[in-house]
Structure formats: structure tokens, C-alpha cells
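Colleague: Could you take me through the sheet in this model, please? I would like a close look at how it is put together, with the cut-offs spelled out.

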Amino acid sequence: MEKTKEYSIEKLTEMLQAKGIRPSAQRIAVLSAVANGRMHPAAEDIYSSLSKLFRSLSRTTVYNSLKTLTEAGLLRELEIESGCSRYDMALQPDHSHFICRRCSRIYDMPMPEGMSKIMAPQFGIDSVEVTLRGLCPECMKEKESKITDNN
């Protein structure tokens, strides 16, 4: 399940305004880093990439923007690694995540619709987070190639 939608500056600005958030250049850039990226970035990843564009950008601005965007329901905070929050767009179909234990890439994976109703119909579930772990296709090929080379 690859992210195929690209969000324009205009669309990101509209999303911020619809939530009553002033669309500063930094907020738009932080939202774009998550919305148009494919890596489920951590705050530090976002800061590292954006600080090259915005020389005066601080880590505090990134963290505050992420908090504001998450509280507004535009982003989802993912706690799929101990002690490291990552971010994903909230406005997309429910999906799970796969983490490669070798290269640490995070992939979006499809999830059956209505999973919370099937699993726990008597509970009022707000969100479902499913994390799968193993080897991604690239790392599996690499591993198989090393096994073949050793034989």
C-alpha cells in the first residue's frame, strides 16, 4: 500500500485553515514532510530535512507544529518504536504498518475494513494500530543472495 496522493501547497493550506490553524510556511512544510513523504518521519527527521530550507527553524517549532497538527486531527502520532514517535497522515483509510527489522523502513499495509467491530464489538474503539515486523522484500532478496553466494 503505497502513498499515491500528493498534497499541493494550496491543499495543505486549505487543510490548515479548515482546522483554524494559521498556515505559516513552517507549519505547511512540516505537514508536507509527513503528507508527501513515504517514510513516517520522526520529529528529528523532519527537523533535519527542513532546517536546510529554513535556516532559522528550531526543533521547538517542529515539535510544536507536530503537536498542533496532531491535536487538530491532521496527523497521527505513531508509537511503533520504543521512545520514538513517528507521524502519518490521519486523513487516510485505516491501515497497518510493517517495520523491516533489518533496514528499519516502515511500510503502509492494507488492513481489513471494520476490524475493530469484528474484534471487539462491545467496545468503543477510537483507533486500531497493527504493527507487523519482519524482512521487507529488498532485505529478503539481499539475505537470499548472501545465502546463495555462501553456497
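Modeller: Gladly! The protein chain holds six helices and five strands, where helices (H or I, at least four residues) and strands (E, at least two) are DSSP runs numbered from the N terminus. Along the sequence they follow the pattern α-α-α-α-β-β-β-β-α-β-α. This is a predicted model, in which local features need pLDDT of at least 70 and side-chain atom pairs count only at pLDDT 80 or more, while totals for chains, interfaces and linings use all residues. Residues are numbered from 1 along each chain as its sequence is written, and side-chain values use heavy atoms, leaving out hydrogens and water.

Now to your sheet. It is open and built from three strands in the order E4-E3-E5, with mixed pairing; two strands pair if DSSP finds at least two bridges between them. Strand E4 (106-110) and strand E5 (131-134) each have a single partner strand and stand at the edges, so one side of each lacks a neighbour in the sheet. On average, neighbouring strands here are turned by 30° against each other, direction ignored, with axes as lines fitted to C-alpha atoms and angles running from 0 to 180 degrees between N-to-C directions.

Strand E3 (residues 95-100) runs antiparallel to E4, and five bridges join the two. One of the residues involved is His-95, whose bridge partner in E4 is Pro-110.

For the setting, the C-alpha trace of the protein chain spans about 60 × 50 × 30 Å along its principal axes. Of its 151 residues, 36% are buried, meaning under 20% relative accessible area (1.4 Å probe, protein chains only).

Methods. Buried < 20%, exposed > 50% of the residue type's maximum accessible area, 1.4 Å probe, protein only.
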